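Biologist: I have a structure open and would like to learn how to read it. Could you take me through some features, one by one?

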Amino acid sequence: MSALQQALPKELSTTPTDPQDKPENQLVLEGYLRKEQLALQLCLSPRTIDRWEAQRKGPPRVCVGRTILYNIQSVQEWLLSNERQSSPVKTRRCPSRMKA
């Protein structure tokens, strides 16, 4: 079980009344997060995830009808691909001080 799955609060885990909580569905949906779960993991609002979808800049997703799912491994790879090294602060030289 990945860190994303382990960190999910119990209120976001599927409940017995959820139609997707059937044992046969758990095997198919294992390793996927819903948009709300992903937003909670990233400390963002679901609206931000919607905005990313519209701008095509968020993690890869799978649409099943109206349900949007995110593969946990794909989200982790997307996070790593967006990792940036800190760059040194560039100072701007004053043109009057530059000698030709």
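Modeller: Let's start with a helix. In α5, Ile72, Val75 and Trp78 are buried. Buried means under 20% relative accessible area, exposed over 50%, and partly exposed in between, with a 1.4 Å probe and protein chains only. Helices (H or I, at least four residues) and strands (E, at least two) are DSSP runs, numbered from the N terminus.

Biologist: Where do the buried residues of α5 fall when seen down its axis?

Modeller: They fall within an arc of 120°, so they line one face of the helix. That arc is taken from the directions from the helix axis to the C-beta atoms. The face turned away from the buried side carries the exposed residues Gln73, Leu80 and Ser81.

Biologist: Before we go on, what sort of model is this?

Modeller: It's a predicted model: local features need pLDDT of at least 70, side-chain atom pairs count only at pLDDT 80 or more, and totals for chains, interfaces and linings use all residues. Residues are numbered from 1 along each chain as its sequence is written, and side-chain values use heavy atoms, with hydrogens and water left out.

Biologist: Fine. Which residue caps the N-terminal end of α5?

Modeller: Asparagine 71 does: one of its side-chain oxygens lies 2.8 Å from the backbone nitrogen of glutamine 73.

Biologist: And how do I read a pair of aromatic rings?

Modeller: You describe such a pair by the distance of the centres and the angle of the planes. Rings of Phe, Tyr and Trp (its six-membered ring) pair if their centres lie within 6.5 Å; planes under 30 degrees apart count as stacked, over 60 as edge-to-face and the rest as tilted. By this rule there is 1 aromatic pair here. Tryptophan 52 and tryptophan 78 form it, tilted, with 5.3 Å centre to centre and 55° between the planes.

Biologist: Which parts does that pair tie together?

Modeller: Tryptophan 52 lies in helix α4 (residues 46-55) and tryptophan 78 in helix α5 (residues 72-81), so the pair links parts that are 26 residues apart in sequence. Tryptophan 52 is buried, with a relative accessible area of 16%, and tryptophan 78 is buried, also at 16%.

Biologist: Which residues stand opposite each other?

Modeller: Valine 62 stands opposite leucine 69 in β3, and leucine 69 is also the bridge partner of arginine 34. Valine 64 stands opposite threonine 67 in β3. The hairpin of β2 and β3 has 2 residues between the strands, and glycine 65 there takes a positive phi near 65°.

How values were computed: A polar contact is a pair of N or O atoms within 3.5 Å; within protein, one must be able to donate a hydrogen and the other to accept it, and residues adjacent in sequence count only if both atoms are side-chain atoms. Two strands pair if DSSP finds at least two bridges between them.
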